[in-house]
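This briefing covers the ligand site of one structure and the confidence of its model. Please look at the sequence and the structure first.

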Amino acid sequence: MAAPAPPPSDGIGIANLPNQRHKIVAKRGAHFTVMVVGESGLGKTTLINTLFATELSSAKNYARRHQKQLDKLTEIEIIKAELEEKQFKVKLTVIDTPGFGDYVNNRDSWVPIIDFVDDQHETYMRQEQQPQRTEKSDLRVHACIYFIRPTGHTLKPLDIEVMKRLGTRVNLIPVIAKTDTLTQHDLAVFKQRIREVIRVQGIRIYQPPIDPEDEASAEHARILADAVPFSIIGSTEDVKTPDGRIVKGREYLWGVAEVENENHCDFRKLRSLLIRTHMLDLISTTEELHYENYRQQQMETRKFGEPKVKKLDNPKFKEEEEALRKRFTEQVKSEESRFRQWEQHLIAERDRLNKDLESAHAEIKRLEAELDNLQVGYGRSSTRR
Ligand SMILES: Nc1nc2c(ncn2[C@@H]2O[C@H](COP(=O)(O)OP(=O)(O)OP(=O)(O)O)[C@@H](O)[C@H]2O)c(=O)[nH]1
Ligand SMILES: [Mg+2]
């Protein structure tokens with residue numbers, strides 16, 4: 001296996017920000033929210049725990065806060081932690097969503113996740129409209145990590161559908177889950193294909209900004225951009241490598257897949273982007289781009305103070321509504337023709353039964369007449385006696 005990567009030495013990044021921004025953040029304290037999304041069982045929860053185990057284990061108040069019940073199938077879990085470095089505080093919130101895609105009838109089980117993102121913008125906007133701007137509760141998602149199943153083929157239609165919707169709402173960061181299950185070659189091909197689908201489908205993903213003034217940071221941003229979708233190995237287990245190091249990783253007969261080894265996966269790049277180099281950019285693009293988009297869209301479709309427009313009234317959903325209506329009409333039509341067939345079958349059956357009834361009646365009449373005849377005959381013979 002390749003040589004181990006050096007241990008992380010740089011801090012959480014807030015302390016290294018350029019001076020002005022640095023001061024603003026220092027005064028307010030940063031509030032950073034990350035969300036993980038993707039199909040069931042891809043290692044979302046494990047990645048969160050890996051992040052905490054490799055970097056955030058010293059974090060204060062690492063606590064499971066509460067679960068938000070969205071519907072029967074989807075429960076969103078919110079974890080809060082506080083990071084502190086050289087007097088700079090970061091309030092970190094991680095939103096763990098349950099996987100979608102593994103129930104029989106759940107094509108739309110990801111809808112509550114999209115709604116959750118919108119609802120956070122909505123809640124924030126409502127608070128902004130209040131006359132007293134006290135401390136706002138703010139769960140607007142600054143980074144959304146989207147997990148892709150390591151099939152080695154390409155993105156699934158479900159992924160494309162969900163990623164498209166997320167990309168226009170949040171900073172979307174796609175990752176390939178469980179990279180240790182792919183060979184280096186297959187991973188490279190898979191990455192290339194995913195990048196191609198993202199481009200062709202016009203899926204919006206987060207692009208680390210390239211600062212032409214600062215060659216070092218521009219280079220770093222380019223390296224990060226080239227690595228997307230980040231390949232991920234998640235594990236909180238300490239394992240021993242063949243050369244005797246103890247690392248976070250996954251043990252196999254062939255060796256150890258190391259979380260923090262850059263030759264094995266991009267975990268370090270992702271962590272660096274999130275909590276070192278691009279935390280502030282993720283926060284500001286959320287404010288300036290995604291939240292602003294949401295606000296504008298809502299302003300166009302409703303009056304000040306009016307409650308949130310019902311989905312189907314919103315122009316954004318007109319297309320979906322149209323498709324839904326078409327599907328509904330088709331379903332009704334096919335049901336109707338099925339019903340008509342059934343009705344005709346019933347009529348035929350009724351006619352058949354009526355005929356049976358008629359012949360049964362005729363038979364009864366015939367038998368009654370026969371009985372009468374017999375009785376008449378019996379009467380005659382008894383008077384003869
Ligand atoms: N090989 C491999 N297995 C992993 C990796 N990450 C997680 N797993 C395993 O995959 C299984 C599912 O992991 P979870 O973290 O519970 O997955 P999840 O995405 O949170 O699943 P849901 O909450 O059900 O959506 C567990 O058995 C993990 O140990 C990884 O990087 N590589
Ligand atoms: Mg989970």
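In this predicted model, a nitrogen atom of ligand 1 lies 3.4 Å from an N or O atom in the side chain of tyrosine 252, a polar contact (a pair of N or O atoms within 3.5 Å). The protein buries 69% of the 650 Å² that ligand 1 exposes when taken alone (accessible areas by the Shrake-Rupley method with a 1.4 Å probe).

**Polar contacts of the ligand**
- The side chain of lysine 44 has an N or O atom 2.8 Å from an oxygen atom of ligand 1.
- Threonine 46 places a polar side-chain atom 2.5 Å from an oxygen atom of ligand 1.

**Shell around the ligand**
- Ligand 1 is surrounded by 16 residues, each with a heavy atom within 4 Å of the ligand.
- The closest are Lys44, Thr45, Thr46, Gly99 and Asp180.
- α2 gives three residues, the largest share of the shell; helices are DSSP runs (H or I) of at least four residues, numbered from the N terminus.
- By class, the shell has four nonpolar, eight polar and four charged residues, with Ala, Val, Leu, Ile, Met, Phe, Trp, Tyr, Cys and Pro counted as nonpolar, Asp, Glu, Lys and Arg as charged, and the others, Gly among them, as polar.

**Confidence**
- Mean pLDDT (the predictor's confidence in each residue, from 0 to 100) is 81 for the protein chain, with 78% of residues at 70 or more.
- Residues 1-10 have pLDDT below 50.

**Conventions**
- Residues are numbered from 1 along each chain as its sequence is written, while chains are lettered from A and ligands numbered from 1 in the order in which they are written.
- Local features need pLDDT of at least 70, side-chain atom pairs count only at pLDDT 80 or more, and totals for chains, interfaces and linings use all residues, while side-chain values use heavy atoms, with hydrogens and water left out.

Methods. Contact = heavy atoms within 4.5 Å. Polar contact = N/O pair within 3.5 Å; in protein donor to acceptor, adjacent residues only side chain to side chain. Helix = DSSP H or I, 4+ residues; strand = E, 2+ residues; numbered from the N terminus.
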